[in-house]
Amino acid sequence: MTSDHDHPESVLAAPGQDLAQMHARQELLAQHGVCVTSPDAAFDAIADALAIATGFPYAMVNFYLDRQRFAGLHNPPPESGLPPVDRTMDIRHGWCPHVVKRKMGLPLHNVHASHRYSGNFVVDAIGINAYIGDPLIYPGTDIVLGTVCVIDVHRHPEEDADRLMGLVEIASAEVMADIRARVRPEGLTEHRAASGSGGQSGETPFPHLPHPYERPGLMPGRSALSRAIEEGNRPCPPPPPPSSSRT
């Protein structure tokens with residue numbers, strides 16, 4: 001038996017469904033004044049902080065539209081010898097399409113640990129061996145705007161996957177909080193089956209949702225991701241070499 005992971009091209013939804021999803025993403029992003037065709041300073045800052053917290057050389061805030069668009073991007077420094085990546089990518093490449101489809105985080109400490117994820121354009125292009133990604137799901141809907149992810153040319157210990165996934169989830173929450181805080185989506189109706197007349201003038205379209213900064217750990221001025229860095233939540237240093245024993 002084969003699965004959709006055995007055929008990368010099948011990761012994408014059916015053309016009609018994918019087009020509807022893309023239009024829904026575009027509408028939500030436009031309502032919040034998010035421009036994905038140029039670098040975004042706030043998203044770049046989150047990507048920079050995430051790269052520091054995880055120790056991964058690449059970090060992205062990725063919006064999944066006609067192409068994967070990295071409005072937030074951290075590239076490794078030139079002295080690292082690693083190649084920089086562009087701000088766009090084909091929607092069939094990488095592991096973010098899997099995250100968008102499954103609407104769940106995907107911690108791949110070693111992309112070669114599963115044949116489902118081993119064969120990938122990004123592996124061949126820049127030698128990526130680890131990926132940790134989390135979906136950007138707009139609250140109150142099932143619409144995935146994109147992902148937040150980190151990638152590395154090195155494999156990471158399996159026991160570190162949960163910690164790394166947690167840091168990426170924090171960054172994902174901060175991106176969503178930033179998006180929702182930019183523009184209150186007046187006139188926007190919910191993108192799910194629901195009754196009522198949400199979106200009428202003078203009403204909050206999503207009254208059941210808290211303001212993004214009302215959630216614990218997302219107070220303005222000092223983000224949860226910044227605290228993780230300050231508190232030393234970085235990759236564990238390599239173990240010291242074994243001491244020589246005397247007989």
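Strand 6 (residues 144-152) is mostly covered, since 9 of its 9 residues are buried; buried means under 20% relative accessible area, exposed over 50% and partly exposed in between, for a 1.4 Å probe and protein chains only. Strands (E, at least two residues) and helices (H or I, at least four) are DSSP runs, numbered from the N terminus. The model is predicted, so local features need pLDDT of at least 70 and side-chain atom pairs count only at pLDDT 80 or more, while totals for chains, interfaces and linings use all residues. Residues are numbered from 1 along each chain as its sequence is written, and side-chain values use heavy atoms, with hydrogens and water left out.

Two strands pair if DSSP finds at least two bridges between them. Strand 6 pairs with strand 1 in the antiparallel sense over 6 bridges, and here Val 150 of strand 6 stands opposite Ala 59. Strand 6 also pairs with strand 5, again in the antiparallel sense, over 8 bridges. Strands 5 and 6 form a hairpin with 6 residues between them, and Gly 140 in the turn has a positive phi of about 85°.

The ring centres of Trp 95 and Tyr 131 lie 5.6 Å apart with the planes at 40°, so the pair is tilted. Rings of Phe, Tyr and Trp (its six-membered ring) pair if their centres lie within 6.5 Å; planes under 30 degrees apart count as stacked, over 60 as edge-to-face and the rest as tilted.

A cavity is a set of points, on a 1 Å grid over the protein atoms alone, where a 1.4 Å probe fits but cannot get out; lining residues have an atom within 4 Å of a point. The largest cavity has a volume of about 80 Å³, a volume being the space filled by probe spheres set on the points, which are joined across faces, edges and corners. Strand 2 (68-74) and strand 6 are the elements that give two or more residues to its lining.

Methods
On a 1 Å grid over the protein atoms alone, a cavity is a set of points where a 1.4 Å probe fits but cannot get out, and a pocket is an open set with protein on both sides within 12 Å along at least five of seven lines; lining residues have an atom within 4 Å of a point.
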